[in-house]
Amino acid sequence: MYVLKDDNKIQVSTSLIIDASPENIWSVLSDIENWKNWTQFIASFTGDFIKGGRIKVVFNTPQGQVPFDRTLVIFEENKVFCWEGNAMWPGAKDHHVLHLEAIENGKTLFTHADGFHGIERTEQVTEAEKQMEGLYTLMNLELKNYVENTI
């Protein structure tokens, strides 16, 4: 697994096992314009899906759609990608990782993690962390269901 920067104050990590190969899951994840069709949390995902590529992810939130412009800083096909950019708190950076690890019987351990550095923990940040963990857990289940029922 890729380690986030040492100065991270906030880290959310969720994972589950998907009954599919990393290659099959990657085919879904790399079809970024289709994310809105398998997860309720993404309104759109566009850009250059390559290392160094600029992307724009628009999340559906209870407060409305929230756009994030990011750069793909880690990119290993069929294994991992990570985007970074300015977080919602002034001076904070976001480090968002999706990692695929082949395990026994053709299955994959999928890890969805997010980390922030340059920010101190506050009550507001702790609440956001809990919300993100719930969101990523649901997104993971949506991905699992989509992959296992369509691939």
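## Briefing on the predicted model

Leaving aside neighbours within four places in sequence, Ser 21 is in contact with Gly 106 and Thr 108. The model under discussion is a predicted one.

- Ser 21 is placed in the loop that runs between β1 (8–18) and α1.
- Between the C-alpha atoms of Ser 21 and Gly 47 there is a separation of 25 Å, and these two residues stand 26 residues apart along the chain.

**The crossing of α1 and α3**

- Helix α1 spans residues 22–29, and its axis comes within 10 Å of that of α3, with a crossing angle of roughly 110 degrees.
- Angles of 65 to 115 degrees count as roughly perpendicular, and α1 and α3 are therefore roughly perpendicular to each other.
- The crossing of α1 and α3 is right-handed.
- On the α1 side, Ile 25, Val 28 and Leu 29 take part in the contact, and they meet Leu 143, Tyr 146 and Val 147 of α3.
- The residues of this contact comprise six nonpolar, no polar and no charged.

**The largest pocket**

- The largest pocket holds about 630 Å³ of space.
- Its lining consists of 24 residues, and those nearest the centre of the pocket are Thr 61, Met 88, Ala 128, Gln 131 and Met 132.
- At least two lining residues come from each of β3 (54–61), β4 (64–76), β6 (93–102), β7 (108–117) and α3 (123–150).
- Helix α3 provides the largest share of this lining, with seven residues.
- By residue class, the lining of the largest pocket divides into 14 nonpolar, six polar and four charged residues.

Key
Residues numbered from 1 in each chain as written. Predicted model: local features only at pLDDT ≥ 70, side-chain atom pairs only at ≥ 80, totals over all residues. Heavy atoms only, no water. 1 Å grid on protein atoms, 1.4 Å probe; cavity = no way out; pocket = protein on both sides within 12 Å on 5 of 7 lines; lining within 4 Å. Points joined across faces, edges and corners; volume = space filled by probe spheres on them. Helix = DSSP H or I, 4+ residues; strand = E, 2+ residues; numbered from the N terminus. Nonpolar A, V, L, I, M, F, W, Y, C, P; charged D, E, K, R; others polar. Axes fitted to C-alpha atoms, helices over the stretch in contact; angles between N-to-C directions. Parallel < 35°, antiparallel > 145°, perpendicular 65-115°, else oblique. Left-handed = near helix turned anticlockwise from the far one by under 90°. Contact = heavy atoms within 4.5 Å.
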